[in-house]
Amino acid sequence: MPAKKKLLLHACCAPCLVAPYRHLSQKFDTSVFWFNHNIHPYTEYQKRLECLQNFVASQNAKSIVKDEYDVKKFVQDVCFREENRCQICYFQRLQYTAIIAKKGNFDFFGTTLLYSKFQNFEQIIEIGKNLAKKYGVKFLDTDLRVFWKEGIEMSKQEGMYRQQYCGCIYSEQERYLG
C-alpha cells in the first residue's frame with residue numbers, strides 16, 4: 001500500500017477540527033497546525049489553544065504550534081481596512097501555513113476555515129490556490145462544511161470549549177452589538 005500524502009491542516013479551533021480531522025486523517029498523514037495571532041482577548045486565545053492541544057493529544061496527532069499572540073500587529077494590519085479584515089486574516093494564516101508546509105515537505109496544506117459556514121469559502125479557496133502557486137505546495141480545497149453538524153455533535157460530546165465568535169476583536173464586537 002502506498003504511503004499517505006502529507007497534509008498540514010491549519011486549525012482555527014478544536015471544535016472546527018474534530019470532524020474534518022476524523023475524515024482527512026483517513027486519507028492523509030495529517031499534522032495539525034496552530035497559528036491564530038488574531039484571537040482576542042488573550043484569555044480567549046489561551047482557551048482555544050488549550051482545547052486544541054487537548055484534542056490533538058487525545059488523538060495522538062502530530063502538531064505544530066506557532067504560539068504567537070500578536071493582536072497588536074493584527075489590528076495594525078487591518079486598521080482602516082476593516083471591511084477586508086477577514087481577507088487579510090485568511091491570507092496571513094494561510095500564508096504562514098503554506099510556508100511551514102513547504103519547509104516541512106508536506107504534499108498539501110489546508111485549513112479548518114473551510115469547515116465553518118460563517119467564513120467566506122470562495123475567498124479562502126482563492127487565497128489558498130494563489131499561495132499554492134507561490135509556494136509550490138498543493139492547497140486542499142475540500143469543502144469541509146459537509147461535516148458541520150457532525151463536528152458540532154462531536155465537540156459537544158467531547159465537552160470542548162465552544163467559542164461564540166470567530167476570534168478577532170471586531171467579530172467579538174459584532175457578537176455583542178450585531
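Let's start with Asp29, which is partly exposed at a relative accessible area of 26%; here buried means under 20%, exposed over 50% and partly exposed in between (1.4 Å probe, protein chains only). This is a predicted model, so local features need pLDDT of at least 70 and side-chain atom pairs count only at pLDDT 80 or more, while totals for chains, interfaces and linings use all residues. Residues are numbered from 1 along each chain as its sequence is written, and side-chain values use heavy atoms, with hydrogens and water left out.

So what does Asp29 pair with in a salt bridge? Its partner is Lys62, and their closest N and O atoms are 2.4 Å apart. (A salt bridge puts a side-chain nitrogen of Lys or Arg within 4 Å of a carboxyl oxygen of Asp or Glu.) Asp29 sits in strand E2 (residues 29-34) and Lys62 in strand E3 (residues 62-65), so the pair ties together parts that are 33 residues apart in sequence. Helices (H or I, at least four residues) and strands (E, at least two) are DSSP runs, numbered from the N terminus. Lys62 is partly exposed, with 42% relative accessible area.

Searching the whole structure turns up seven salt bridges. Another one joins Lys73 to Asp77, with the closest N and O atoms 2.8 Å apart. Both residues belong to helix H3 (residues 71-78), four residues apart, or about one turn of the helix. Lys73 is partly exposed at 38% relative accessible area, whereas Asp77, at 18%, counts as buried.

Glu150 forms a salt bridge with Arg22, the closest N and O atoms being 3.2 Å apart. The bridge links distant parts of the chain, since Glu150 is in helix H6 and Arg22 in helix H1, 128 residues apart. Glu150 is partly exposed at 27% relative accessible area, and Arg22 is partly exposed at 41%.

Now for H6 itself. Within this helix (residues 148-157), Trp148, Gly151, Ile152, Met154 and Ser155 are buried. Looking down the axis of H6, those buried residues fall within an arc of 165 degrees, so they line one face of the helix; the arc is taken from the directions from the helix axis to the C-beta atoms. What do they pack against? The buried residues of H6 pack against helix H1 (14-27), where contact means heavy atoms within 4.5 Å. On the other side of H6, Lys149, Lys156 and Gln157 are exposed. Just after H6, Gly159 takes a positive phi of about 70 degrees.
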